[in-house]
Amino acid sequence: MQSLASIPSPSEGVWNLGPFPLRAYALMIIIGVVIAVWLGEKRWAAKGGTPGTVIDVAVWAVPFGLVGGRLYHVITDHQMYFGEGKHPIDALKVWHGGLGIWGAVALGALGAWIGCRQRGVRLAPFGDAIAPGIAIAQGIGRWGNWWNQELYGKPTTLPWGLEIDYAHRPKDELGAVLPQYDKADLLFHPTFLYESLWCLGLAVLVIWAGRRFRLNHGRTFALYVAGYTVGRFWIEALRIDNAHSFLGLRLNDYTAIIVFLGAAAYLYLKRDQSDVPEVVEVRDGVEIFDQTGAVAAPVLGTDESVESVESDEPDEPAEPVESVAPVVAEPVEEPLEEEYPESGGEPVAEEEPILEEEPAVEHEPVTETESITEIERDPEPEFEEFEPEAVAVDPLGEDEPVWWDNKTPTAEEPESAEEAVPEDLPEDGPDSVKSGKGEA
């Protein structure tokens, strides 16, 4: 039954620009790499990494990845290049297609590790940054299979069935198209389109999950690997290209299962790493921590961590601790009467000298006699309370005497003359008492 719609295949995948052929397959890979590097740079800078790092590491990772992808394809499909009637030189013709993603990721990771070592970058956070870009690069690169009319699936009647020319349909050992694929109007599953859409959706999933669940310490890259293997497993079941099979499964199915189990085990073992600080690179001897996670840096001297939470209140600046040289005050030779006047008031505190920052100067040792740390003085004498002294005088020459207590006059006369003079009056007379103070 002829389908109402279909996806046509291009008749030509090479454009000759003078003596240089421009191949669509290579162009798709180049576009995918450029987008992967661009997105990786943005994600790496968001982590706090140095701009330009992804480009420098890609110089190592991309060539290693291409060699690894080709090696995996040649090893797993060696019957296409070696044996009777085959041409081993064809194994080097990468532009004809044939890159195994498993080898590309494995050897590309080795190249990335070398580049990271040279830049002082940690491989795990670097993988987290470039994981979505790799998925996008795969999604774009799969369109190279469309240009080459390769890696398609079983016959189908779906509206999006793919048209394949006779020259690119499965053939037997003599080069004739197999009978089950000989019908002119036969359409095939566009497995390149399925994998392309799966990879683009996986890139969106990886970006979302990485932010939502703080997948650091290489877990974002592990999620990408696990997600890709799930899609590749069911897509691989649709393909009809020649491949080694065991127990009803293709070799790539077994590879997908093994890689998935490894990625899932890594995710499980690192499940509690969201709040653990992660160093992304070492810059000028200083460890740079991931700025997109919950933790920015560990607390020095403790096993606890500090969450990078922005506070609404501004931090109070700490008072700087200044180291100044001690200043030895010169002894002050002033009479004690000026410091402690006879008015009876409180001693006037000396103004504290203002310490100024100055270089430390060695001074000669000061002897105890030269330094005055505290002025010694006799304790104030204790006075006993006594009755106001009164003196009988007649200053006005009047008959009635007036009695004084040195403050206010009074007309009361003591009962006897002896009471007029206090008993505790000093022997020298009342003149020795002045202003309520004793002898200094």
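**Exercise 1.** In this predicted model, list the residues that Leu99 is in contact with, leaving aside its neighbours within four places in sequence.

*Solution.* Step 1: with those neighbours set aside, Leu99 touches Tyr25, Ile29, Leu66, Gly69, Arg70, His73 and Val94. Step 2: take Gly69 from this list. Gly69 lies 30 residues from Leu99 along the chain, yet their C-alpha atoms are separated by 4.5 Å. Step 3: place Leu99 in the chain; it belongs to the loop between α2 (53-76) and α3 (101-119).

**Exercise 2.** Decide whether Leu99 is buried, partly exposed or exposed.

*Solution.* Step 1: the relative accessible area of Leu99 is 24%. Step 2: buried means under 20% and exposed means over 50%. Step 3: the value falls in between, so Leu99 is partly exposed.

**Exercise 3.** Check the span of helix α1 (residues 24-46) against 1.5 Å a residue.

*Solution.* Step 3: look past the helix; just after α1, Gly48 has a positive phi of about 105°.

**Exercise 4.** Describe how helix α4 (residues 123-141) packs against helix α7 (residues 219-236).

*Solution.* Step 1: the angle between them is about 25°, and their axes are 7 Å apart. Step 2: angles under 35 degrees count as roughly parallel, so α4 and α7 are roughly parallel to each other. Step 3: the crossing of α4 past α7 is left-handed. Step 4: by class, their contact has six nonpolar, three polar and two charged residues.

Technical notes
Residues are numbered from 1 along each chain as its sequence is written. This is a predicted model: local features need pLDDT of at least 70, side-chain atom pairs count only at pLDDT 80 or more; totals for chains, interfaces and linings use all residues. Side-chain values use heavy atoms; hydrogens and water are left out. Helices (H or I, at least four residues) and strands (E, at least two) are DSSP runs, numbered from the N terminus. The expected span of a helix is 1.5 Å times one less than its number of residues. Axes are lines fitted to C-alpha atoms, for helices over the stretch in contact, and angles run from 0 to 180 degrees between N-to-C directions. Angles under 35 degrees count as roughly parallel, over 145 as roughly antiparallel, 65 to 115 as roughly perpendicular and the rest as oblique. A crossing is left-handed if the near helix is turned anticlockwise from the far one by less than a right angle, and right-handed if clockwise. Ala, Val, Leu, Ile, Met, Phe, Trp, Tyr, Cys and Pro count as nonpolar, Asp, Glu, Lys and Arg as charged, and the others, Gly among them, as polar. Buried means under 20% relative accessible area, exposed over 50%, partly exposed in between (1.4 Å probe, protein chains only). Contact means heavy atoms within 4.5 Å.
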